[in-house]
Amino acid sequence: MPVPTERAKAKSKGKPTELGQAIRRRRKAMGLTLDQVAKSSDLTTGFLSQVERGLSSPSLTSLMAIAAALQTSIEQLLSVPKVFSEYVPKDKRQTYSLGTRGRFYEKLGPGFSGALFHPQVVHRPAGHVSEKMCHDGEAFCYLLSGQLEYHLGDQIFIMSPGDVVHHDTSTRHYSVVLGEAEAVELWVTTSPIKDTGSS
């Protein structure tokens, strides 16, 4: 009997319907409306509604923002154990999927509680178009394999393996996987920091 690969295991987690149900349960448990969560996470009510109904799967950044608005973590929403470790062997990485179209993530951290940086290896299939995003924070991407068309404000960069983009995420940005091969990307992003009004 074949042993499930990390990719197969990742694809079994985080399907849109399961993730959407988890977000809806958490939102209702907190007594929040779609509008309230959408406003707090800087997303549209329509998009959040589609996520809850399993019609759309959020990007990692959008999911981080949703989790922050719901005062929870991505790990809790995806039922992925939250593990802190300063050292992670390559064969011990946690993996999870967002959606069912070949997009999955390998966690490279966080190494400790309260970490502001979130390193991930992201696998995206040919033709995948990310969400158009604009939010507080910082992002760094090193392209390991494949080819990307990266849109940053009015600029367009064609990225090949070894190329890097590092920018303030308050500039509108998104990317497209070019060619026939999947893109494998090393990302380091900062946590979304929400002003809760508390001191």
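## The strand β5 and its two partners

H151 stands opposite Y174 in strand β8, and on β6 the bridge partner of H151 is I156. Helices (H or I, at least four residues) and strands (E, at least two) are DSSP runs, numbered from the N terminus, and two strands are said to pair if DSSP finds at least two bridges between them. This is a predicted model, in which local features need pLDDT of at least 70 and side-chain atom pairs count only at pLDDT 80 or more, while totals for chains, interfaces and linings use all residues. Residues are numbered from 1 along each chain as its sequence is written, and side-chain values use heavy atoms, with hydrogens and water left out.

Strand β5 (residues 147-152) runs antiparallel to strand β8 (residues 173-178), and 6 bridges join them. Another 5 bridges join β5 to strand β6 (residues 155-159), again in an antiparallel arrangement. Between β5 and β6 there are 2 residues, and the two strands form a hairpin, in whose turn G153 has a positive phi of about 60°. Y174, the residue of β8 that stands opposite H151, also has a charge above its ring: the charged end of K132 sits over it, 4.4 Å from the ring centre. A charge is said to sit over a ring if NZ of Lys or CZ of Arg is within 6 Å of the ring centre and within 35 degrees of the ring normal.

## The open sheet and its edge at β7

An open sheet of 6 strands has the order β1-β2-β3-β9-β4-β7, and its pairing is antiparallel. The edge strands are β1 (95-97) and β7, each of which pairs on one side only. On average, and with direction ignored, neighbouring strands of this sheet are turned by 20° against each other; for such angles, axes are lines fitted to C-alpha atoms, for helices over the stretch in contact, and angles run from 0 to 180 degrees between N-to-C directions.

Strand β4 (residues 138-145) is joined to β7 by 5 bridges, and the two run antiparallel. Within this pairing, A139 has H167 of β7 as its bridge partner, and F140 has H166. Which residues of β7 lie on its covered face, and which on its uncovered one? In β7 (residues 164-168), V165 and H167 form the covered face, whereas V164, H166 and D168 form the uncovered one. In a regular strand the side chains alternate between the two faces of the sheet.

## The nonpolar core

A nonpolar core is a set of buried Ala, Val, Leu, Ile, Met, Phe, Trp, Tyr and Cys residues joined through side-chain atoms within 4.5 Å, where buried means under 20% relative accessible area, exposed over 50%, and partly exposed in between (1.4 Å probe, protein chains only). The largest such core has 35 residues, of which I23, L63, I74, L78 and Y96 touch the most other members. At least two residues of this core come from each of α2 (16-29), α3, α4, α5, α6, β4, β5 and β9 (183-190), and α5 gives the most, with 6 residues.

Leaving aside residues up to four places away in sequence, L63 touches L19, I23, P58, I74, L77, L78 and L98, where contact means heavy atoms within 4.5 Å. In soluble globular proteins, nonpolar side chains tend to be buried together.

## Aromatic rings

A search of the whole structure finds 2 aromatic pairs. In one of them, the ring centres of Y96 and Y105 are 5.4 Å apart and the planes are at 15°, so the pair is stacked. Rings of Phe, Tyr and Trp (its six-membered ring) pair if their centres lie within 6.5 Å, and planes under 30 degrees apart count as stacked, over 60 as edge-to-face and the rest as tilted. Y96 is buried, with a relative accessible area of 3%, and Y105 is buried as well, with 4%.

In the loop between β2 (104-107) and β3 (117-124) lies P110, which is joined to G109 by a cis peptide bond with omega at about 0°.

D42, found in the loop between α3 (34-41) and α4 (45-52), has a positive phi of about 60° although it is not a glycine, and with a relative accessible area of 54% D42 is exposed. Q71 lies in the loop between α5 (60-69) and α6 (74-78); its phi is near 55°, a positive value in a residue other than glycine, and at 61% relative accessibility Q71 counts as exposed.

## The protein as a whole

The protein has 6 helices and 9 strands, and buried residues make up 43% of its 199 residues. Among contacts between residues at least 6 apart in sequence, 65% join residues at least 24 apart.
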